[in-house]
Amino acid sequence: MIKLSKKIALVGSFGVGKTSLFRRFIDNEFSTDYKSTLGVQIQKKVITMDNGTELTMILWDTEGHENISEGRSSYLLGSHAFVYVFDITRVDTYKDINDQLVFLKKHYPKAIIKVVGNKLDAVSKKKVVETLQENKVNYDYLTSAKTGEYVEELFADIAVDLTT
Amino acid sequence: MENENQKKFYKKVQLVTVDDSGKIIYSDANLFKWKEGESIYEAHPFFSIIDSLKDEDHAKEHEFTFPCVHLNEDDNSQRICDITFTICLGETNIVIFDYTQAYVELNKISQERNESIIKAQELEFTNRLLIEKENFKNDFIASINHELTTPLTSIKGFLELLEKTKLDYEQEELIKIIRTESDHLQNIFGDMFDISRIESGGFKLEKEPFDLKELFETIVNSNRGPIENQALDFITEIDGKLNTELVGDKTRLYQIISNLLNNALKYTDEGFIKFSIERLGGKNKRQQVAIVIEDSGIGISDEDKQAVFEPFSQLNPNIKGSGLGLNIVRSLVSLMDGEIDLDSKLGEGSKFTIRLGLKNASDENSEEEKGNYILPEGEKFRILIVENQLNTQYLILKILLAQGNFFVDAVSSAEAAIRAIENRNYQLIISDIKLEEMSGFQLAQRVRNHYGDKAIKDLPILGISALRAPNITNKAIASGMDAFLSKPFSEKQLLQKVNRLLYLGLSN
């Protein structure tokens, strides 16, 4: 059996729900209380792919920064994938997203990047799609850590990308 | 000899050495009880980072620091640590500094800061959504209003013409019913639109000279019939000390008083309705007045006194109305910087008192300022109507031709209007705003900007529309139109605007 271990860093502004996505995926739990993340917390989840590959996903839930370059660069070292999370109810968390993605692609050209708008439970999807189009934001997933909507799909997609 | 501080320091630091495969070859176990021989990768997933830090040049020493990392053992006790890796010749020396206490303190500040920023940003978003919803609602109301008002314009206009024909008694009575119902319909549309405009902040009061006594008499005359038909006494009083030549929005003042009288009529079965205007005082150019509408109706309980001013509130659901009347009254009085008081007792009646400061008009107001424009006798004027609603076009045509001093042409599009004004001399254009392809606004812009010929360039333009967009009058003026008239309009209103523009055109 092939065994792989890959590092996935969750990045993005504070309060966007990185820790909630992390907890929803790792423990299938959610709390409405906001607790800011200081530094980084790391957990792993082992999944077996359809082709039999055992993938250990090591998730780094990093503290939020409006600008990635202001964060601790060591947290991003050796990342195989990034989940860039923004809050669909707060324009400030995605207004500069394209600059942030350019930074990631420049410094981590081999890494997979998934752009995720979280808190889908807070507003109608139609409204969100319109607003994001207006702001020229391209995203891969719209999720709700609260309801779990599209969280499994997001990480399953990353897992496939990391093993193919 | 170690002092106490040094002992404390050692308790907060752990040294670990691992070999190339990740096996722990040394650990002082000060913080975490990892044992020699175990894999560091099993100790915590964080340490899997070591592999990606290793360089091909094994002999070269590399150092990496990871601040503020959350590490925990099996018992779930968590420490927040700074961790340094020194990698050389396949071995990795790990130094773990436990700064949990300091970081927890620091996190409190960060938590507070983040919470307040998040709340502010979420509020901003919610506010934006609310504004969008409100705008959508207002646009919807404006649009539906347009769709409903256009046919109503035709109904009321033709009714007015029909009333002037020879009718027998039964026909007259039937027409009265149609008029009452279409007036009621118009009032409901008007109320809905007024509320939506007031709520959106797009409502502007007019400033025009008017005679308060005339307004008083108009209101009395139009309400006397309905009130006395219900066997109620209609008591009216106007203070003789009042200066009645004022400046303000007489249409809205009329609306306020009519709404209150209408309300009194709905809830009074016997006794009286009293309408009075009293001078309270005032200096120089401003006069304080009290407008009082009192009735001997069912009255309002103390609990309902505030609720009656809320939208869609009706004390008796069996009584016909939109439930918006008193809400509009309160909003309009507030826009006029006035106050409204309600004094009422259940079963004894109600008394609404409005206190307003109204501006006195100057004594030099001319006939023109009062809205009376008299055109030279015997002179004929050629007017072009641009209207794609054939019923409205026909209605205007009929009204104008009946005056005897107008030649009238009618077209259905702005393009046709351009061809007409280039080929014939007109003294006035009456144009609808919502035309196919080129709008009335665009037509006005073109007339003002594309012609060297003064007779065309300065041609007076009267805009008409059933559109209820906020500031539509201002938009019409900004496009180059000289005046604007909302549909539905009466014969008198149309002729007043037409005469004014022709009169001013002659003066220029």
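Two strands pair if DSSP finds at least two bridges between them. Strands (E, at least two residues) and helices (H or I, at least four) are DSSP runs numbered from the N terminus. The model is predicted: local features need pLDDT of at least 70, side-chain atom pairs count only at pLDDT 80 or more, and totals for chains, interfaces and linings use all residues. Residues are numbered from 1 along each chain as its sequence is written, with chains lettered from A in the order in which they are written.

**Exercise 1.** Find how strand E2 (residues 40-48) of chain A is joined to E3(B).

*Solution.* Start with the bridges: two of them join E2 of chain A to E3(B), and the strands run parallel. Then pick out a pair: Gln41(A) has His70(B) in E3(B) as its bridge partner.

**Exercise 2.** Describe the side of chain B that touches chain A.

*Solution.* First, count contacts (C-beta atoms, placed from the backbone, within 7 Å): 25 residues of chain B meet 22 residues of chain A. Next, list the elements giving two or more residues to this side of chain B: helix H3 (49-53), strand E3 (62-72) and helix H4 (100-163). Of these, H4(B) gives the most, with 11 residues.

**Exercise 3.** Work out how H4(B) packs on helix H10 (residues 390-401) of chain B.

*Solution.* Take the axes, lines fitted to C-alpha atoms over the stretch in contact: they come within 9 Å and cross at roughly 30 degrees. Angles under 35 degrees count as roughly parallel, so H4(B) is roughly parallel to H10(B). Finally, look at the residues: Thr153(B) and Phe158(B) are among those in H4(B) that meet H10(B) residues including Asn391(B) and Leu395(B).

Note on methods. Contact = placed C-beta atoms within 7 Å. Axes fitted to C-alpha atoms, helices over the stretch in contact; angles between N-to-C directions. Parallel < 35°, antiparallel > 145°, perpendicular 65-115°, else oblique.
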